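Could you walk me through this structure in plain terms? I'm new to it and would like a few places to start looking.

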2 protein chains.
Amino acid sequence: MRQCLNSIIFTIVISILLSCDSESQPTNNDVFPDQKQTYEWKLIMSWPKNTPGLGTTPEYFADLVEKMSSGRMRIRVFGAGELAGGLEIFDMVRQGVAEIGHSGAYYWQGKISGTPFFSTIPFGLTGQEMNAWLAFGGGNELWQEIYAPFNLYPVRGGNSGTQMFGWFRDPINSLEDLQGLKMRIPGLGGEVFRRAGGIPTTMAVGDVFTALQTGNLDATEFVGPYNDLATGYHTVAKYYYYPGWHEPGSTIELVFNKEKLDSLPQDLRAILLSAAEAMNQRLMDEYTALSNRALTTLVEEHGVLVRKLPDDVLQELRRLSEEVVTELGTSDTQTRRIYESYKDFQKDVENYHSISEEAYISARRLTK
Amino acid sequence: MRQCLNSIIFTIVISILLSCDSESQPTNNDVFPDQKQTYEWKLIMSWPKNTPGLGTTPEYFADLVEKMSSGRMRIRVFGAGELAGGLEIFDMVRQGVAEIGHSGAYYWQGKISGTPFFSTIPFGLTGQEMNAWLAFGGGNELWQEIYAPFNLYPVRGGNSGTQMFGWFRDPINSLEDLQGLKMRIPGLGGEVFRRAGGIPTTMAVGDVFTALQTGNLDATEFVGPYNDLATGYHTVAKYYYYPGWHEPGSTIELVFNKEKLDSLPQDLRAILLSAAEAMNQRLMDEYTALSNRALTTLVEEHGVLVRKLPDDVLQELRRLSEEVVTELGTSDTQTRRIYESYKDFQKDVENYHSISEEAYISARRLTK
């Protein structure tokens, strides 16, 4: 009863407020009209719910949004397969089955060929550099432009930092050792691997362990120690190779159904986008901070052999990467615009990092 | 008149709402009680208002907070000297003259000896690593603990990335060239410089240009190309040395008056802290993205000579840095706790970066 009374009075007040001259009551008009409505949104992910970092950061995001909006927006997070398959995020968010997705842009290369530039490129930008390109190098604008026709609005929602190359049953001592090697490695990295003589295969994550165990697969890439520890790959493939030239700093996308995002009150829209920025920062922090602990466990408790790819192998992979990326980057007008922007930025930022981060890190390495 | 009527009705409605059973109307009770109040806060900075990045990011922060709060919180930004001197931030925010400050923790070493660990340490963490320590390595908790007795609540509000060592009138070819050299370099870096044979001097920023010009000063550090371009130092000191071993990734602090922050409604508190995270991400992006353009201008239009410090000089500076940082880190119980946390984290993250970011960046450098 009291509840009903409140509703009636509330409705009357809102009507009066709405009829006000907007200049005489700017603050109240800004604040109140939107705030009677609450929103229950869904966020679907390309990974299982409890995946360290990847799967847990969206919960942080949802919590932040709920707090900032005083509960006006609540977001329920769904792991891969719960509401949609891990590779259905783009379509499901586009159609509004869920309002938000947490995924990787390179999964959608079949729909828009330029998407890998918004996740990661072999021998491309690191996480720090990628963030800079997106925010200040025109990356975000290009990304949002190419997703708009699909009723999607993408922003950055995390970065893995430089990944590992992956798990190998046998050591890689030369280019020779890549010949005929069967490795689960998708996307552009896979194409580079193929040109280097390997056999890239695609395979559901769930089948990788057995394939490695039986020798149907010689190697697999995944993420880095923080995520890899739980896979058990180290029990069937002892060699853990670095660096992750194929994923030097993978941006995780947070993608919104554009129509739904645009229909929100301005404050909630700002809250979602600001929470995404906080989430982006946090995920990279988490990988940076917690990877070494997982690495130490892998090495000390599981006897994993951490190995660097030989320089001549890296050089050849680099040469082939340029080939593959240039082909992609010149394949159509839209992709060329993205490629040019990315490439120019990389040249620029590599030049500056050669005297800042990069020079410093070398100096720190000097024998004391 | 209409305004007055609204106020009366509004007050009545709020009273009724407040008298509701909180379980029957959870959403409205969450939302409305706080929202009649608006806040006008002040943010004071240690830098002039239009300093690229440093001075402009707080405006971005203020704008974000205003949008997210639908104008319930408006923040006015003041440059150094407008409301308080650049080095008065700590005291002025503590006393509530302004509610928020944007500054650097190392400025307050005279008040709390461990503060440099929360901005930057010679041969310490990079920006990416520093962010990781703060968020996942216990850094934030220690920082907030040591500021609490001063009625302050600090969070990260940006990072400069690795800075330049600075501007020199003459080249540095050996340790010999540092002997008796007068350089404006404050803090721990200054102490290291002194032990290496130099003469660190403190001097108001406004006096540096003339001192360099007249030869009363041989060198000065500042930030990096993005900020240095406007100083004109390049017209009186042509040599621009890297890397910035003394400031490898300086965290900018956003410090709140704790009492005022704690007295806010929970949603506004969350909005401020989330906006700070977004701001932290953004400032580093800006430095990363825009420094090279400024560097190119310095080199191509102003004939600046960019030089790397010789390895033996860096090695000696590194040795002395360890000495200085260890002395600071063992000077009292509180500082020792911070030092141990920072040092352990650095060991950990350097180990992981040796196979991730660092190994990748070297691989990218390999001759193609």
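This is a predicted model: local features need pLDDT of at least 70, side-chain atom pairs count only at pLDDT 80 or more; totals for chains, interfaces and linings use all residues.

Setting aside neighbours within four places in sequence, B:Phe61 is in contact with B:Leu43, B:Ile75, B:Ile100, B:Leu254, B:Phe256, B:Leu272, B:Ala275, B:Ala276 and B:Met279.

Now zoom out a bit. The largest nonpolar core has 193 residues, and A:Phe61 and B:Phe61 are the ones that touch the most other members. Domain 1 (35-159 + 249-288) and domain 2 (166-248 + 292-328) of chain B both give residues to this core, so the core lies between them. As a bit of background, nonpolar side chains tend to be buried together in soluble globular proteins.

Staying in chain B, have a look at helix H5, which runs over residues 127-136. H5(B) is mostly covered, with eight of its ten residues buried. Those buried ones are B:Gly127, B:Gln128, B:Glu129, B:Met130, B:Asn131, B:Ala132, B:Trp133 and B:Leu134. Just past the end of H5(B), B:Gly138 takes a positive phi of about 95 degrees.

Finally, see how a helix from each chain comes together. H11 of chain A (residues 266-302) packs against H13 of chain B (residues 333-353) at an angle of about 80 degrees, and their axes are 8 Å apart. H11(A) and H13(B) are therefore roughly perpendicular to each other. On the H11(A) side, the contact is made by A:Tyr287, A:Thr288, A:Ala289, A:Ser291, A:Asn292, A:Arg293 and A:Leu295. H13(B) brings B:Phe345, B:Asp348, B:Val349, B:Asn351, B:Tyr352 and B:His353. Sorted by type, the residues of this contact come out as six nonpolar, five polar and two charged.

Terms used:
Residues are numbered from 1 along each chain as its sequence is written. Chains are lettered from A and ligands numbered from 1 in the order in which they are written. Side-chain values use heavy atoms; hydrogens and water are left out. Axes are lines fitted to C-alpha atoms, for helices over the stretch in contact, and angles run from 0 to 180 degrees between N-to-C directions. Helices (H or I, at least four residues) and strands (E, at least two) are DSSP runs, numbered from the N terminus. Angles under 35 degrees count as roughly parallel, over 145 as roughly antiparallel, 65 to 115 as roughly perpendicular and the rest as oblique. Contact means heavy atoms within 4.5 Å. Ala, Val, Leu, Ile, Met, Phe, Trp, Tyr, Cys and Pro count as nonpolar, Asp, Glu, Lys and Arg as charged, and the others, Gly among them, as polar. A nonpolar core is a set of buried Ala, Val, Leu, Ile, Met, Phe, Trp, Tyr and Cys residues joined through side-chain atoms within 4.5 Å. Buried means under 20% relative accessible area, exposed over 50%, partly exposed in between (1.4 Å probe, protein chains only). Domain bounds come from an automatic or database domain assignment.
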